[in-house]
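This report is written for a reader who is new to the structure shown below. Please keep the sequence and the model in view while reading.

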Amino acid sequence: MGPHSLISKGVYTHFNKETMTLLQKERETLERFLPGLDAKLAELPLLVMESPGSPALQLFREHGGPGLLVPKEYGGPGANPLEVAQISRALGSRSPSLAIATNMHTCTVVAIPPCPSTAELLQGIAQHNLYLASGFADGRSGSSVLVPNMKAEPTSGGWLLSGSKKPCSLSQSMDFLTASILLPSPSGNGNQELALATIPANSPGIEVKPFTDRWVLGGSETNEVVLTGVEVPEEYISYFGNADELNSAISKAFLVFELFVSACYLGVASALVERVFAGRKGCAVDRLTLATEVEGAMAALEGSAYMIMQGYDDAAAVAKSLFVRYSVQRSIERVTAQAAELLGGMAFMCSSDVVSLYAASRALAFHPPSRTSIAPALDDYLMGQSLIMP
Ligand SMILES: Cc1cc2nc3c(=O)[nH]c(=O)nc-3n(C[C@H](O)[C@H](O)[C@H](O)COP(=O)(O)OP(=O)(O)OC[C@H]3O[C@@H](n4cnc5c(N)ncnc54)[C@H](O)[C@@H]3O)c2cc1C
């Protein structure tokens, strides 16, 4: 049920999306890069986009979304981090599942370290709108994303990979799986390096398995991807370097991930705020409180985007991006609770939109690094020690 059906049910009475200022800038940026997509998403019921088989991922592909961050030299539009943060918020406000699933692709496109096949891969993404799934988590509680558990056996000219990646979004629409592994450093210094293998999704030995019957974020194709003896040539392996230190490649990955994932979920919270404004719920002070939270959070994210665009990628930049992310996370918690209350019990009971957006907005807490897992490292960093990612 989307906003229009809610208007017809009398839940919202004053909704005129053409004139609302909230989210206008973000939707303008989305329209500039992917013309026509926002209007198509706005017509789809939220529940359809939040259920398995959602058409939103295909629409995003048809409108050129996968190429967004591909640099101009490889045939993409080369959107910058600020523009992508705005687009992520706009997408999150239409469909949390779409925003989160495509965020995994977008972050991989921007953060994958170069390897011999990178140029070909990026050109392919820009020309054919290919999707990359991002397999970092491997379903082990309390584990670090920097220490993957996948097994890698050397073969002539490459590696045989076995293991499980879960949760892994975009698992059905992916054209390529990117899977994190630990491999001996190509420099031959005897250390292990964090690496990313790029694997065609239809490779023998890849299987996609549902691992939950959850309904929240059901349109994100988040499943388990199992690899059994999957062959990967060496030229499809990208190296992040030694994961014990915050080198520039690993910093870049965290910087863009924290920015874009926060923007996606801020979009989800903003969708609830938009419904409060549309229904003229609460009083002006209540609505201003919500708008102040989400606009303030977006301004902080824009600050992170500018920091990346200025080329900062040291530990101080990563720490700042984490402070911004956890601050946005707290804002989202407050905003969604208050917005749901203002929308009222009837909307909560009669509209699956409110429950779905409210539940989806909680998932920012689960993306790495979780606040509790990194608290000791940030505590030490603030006392003058090096920042060590958990
Ligand atoms: C919608 C969604 C889509 C996702 N898509 C992808 C994807 O496409 N690719 C991908 O790689 N991952 C994906 N993830 C996975 C995500 O990035 C995390 O890896 C995963 O959610 C971690 O699971 P968990 O919270 O149960 O972790 P756990 O590590 O089991 O954490 C459980 C709890 O313990 C706490 N905790 C953990 N470690 C410590 C510690 N050292 N000290 C103190 N407390 C600690 C955590 O803060 C948390 O409260 C997705 C997650 C979600 C929610």
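## The shell around the ligand

Each of α7 (96-111), β1 (132-135), β3 (158-168) and α13 supplies at least two residues of the shell around the ligand, where helices (H or I, at least four residues) and strands (E, at least two) are DSSP runs numbered from the N terminus. The ligand is surrounded by 22 residues, and the closest are F136, A137, S141, S370 and S373; a residue is near a molecule or strand if its C-beta atom, placed from the backbone, lies within 6 Å of it. This is a predicted model, in which local features need pLDDT of at least 70 and side-chain atom pairs count only at pLDDT 80 or more, while totals for chains, interfaces and linings use all residues. Residues are numbered from 1 along each chain as its sequence is written.

By class, the shell around the ligand holds 11 nonpolar, 11 polar and no charged residues, with Ala, Val, Leu, Ile, Met, Phe, Trp, Tyr, Cys and Pro counted as nonpolar, Asp, Glu, Lys and Arg as charged, and the others, Gly among them, as polar. Because domain 2 (132-241) and domain 3 (248-382) both give residues to this shell, the ligand lies between them.

## Domains and their contact

The chain is divided into domain 1 (11-128), domain 2 (132-241) and domain 3 (248-382), with bounds that come from an automatic or database domain assignment. Taken over C-alpha atoms, the centres of domain 2 and domain 3 are separated by 28 Å. The contact takes 5 residues from domain 2 and 6 residues from domain 3, two residues being in contact if their C-beta atoms, placed from the backbone, lie within 7 Å. On the side of domain 2 that touches domain 3, the residues divide into 4 nonpolar, 1 polar and no charged.

## Strands and their pairing

Strand β5 (residues 192-200) is largely enclosed by the rest of the structure, because 7 of its 9 residues are buried; a residue is buried if 20 or more other C-beta atoms lie within 10 Å of its own, exposed if 12 or fewer, and partly exposed in between, with C-beta atoms placed from the backbone. Strand β4 (residues 176-184) pairs with β5 in the antiparallel sense over 9 bridges, and two strands are said to pair if DSSP finds at least two bridges between them. Within β5, L196 is the bridge partner of S180. Strand β8 (residues 237-241) also pairs with β5 in the antiparallel sense, over 4 bridges, and here Y239 in β8 is the bridge partner of A195.

Strand β2 (residues 151-155) and β3 run antiparallel and are joined by 5 bridges, with S162 in β3 as the bridge partner of K151. The hairpin of β2 and β3 has 2 residues between the strands, and in this hairpin G157 takes a positive phi near 80 degrees.

## The nonpolar core

The largest nonpolar core has 110 residues, and those with the most contacts inside it are L161, A197, V256, F260, L266 and L301; such a core is a set of buried Ala, Val, Leu, Ile, Met, Phe, Trp, Tyr and Cys residues joined through C-beta atoms within 7 Å. Helix α9 (residues 248-278) gives the largest share of this core, 20 residues. When residues up to four places away in sequence are not counted, L161 touches M150, A152, A179, I181, A197, L227, V230 and V232.

## Backbone features and loops

A cis peptide bond joins K166 and P167, with omega at about -5 degrees, and P167 has its place in strand β3. Another cis peptide bond joins P368 and P369, with omega at about -10 degrees; P369 is in the loop between α12 and α13. F366 also lies in the loop between α12 (352-361) and α13 (371-382), and F366 counts as exposed because it has 9 C-beta neighbours inside 10 Å.

L170 is not a glycine, although it has a positive phi of about 65 degrees. L170 is found in the loop between β3 and β4 and is buried, with 28 other C-beta atoms within 10 Å. R280, likewise not a glycine, has a positive phi of about 50 degrees and lies in the loop between α9 and α10 (284-309). With 13 C-beta neighbours inside 10 Å, R280 counts as partly exposed.
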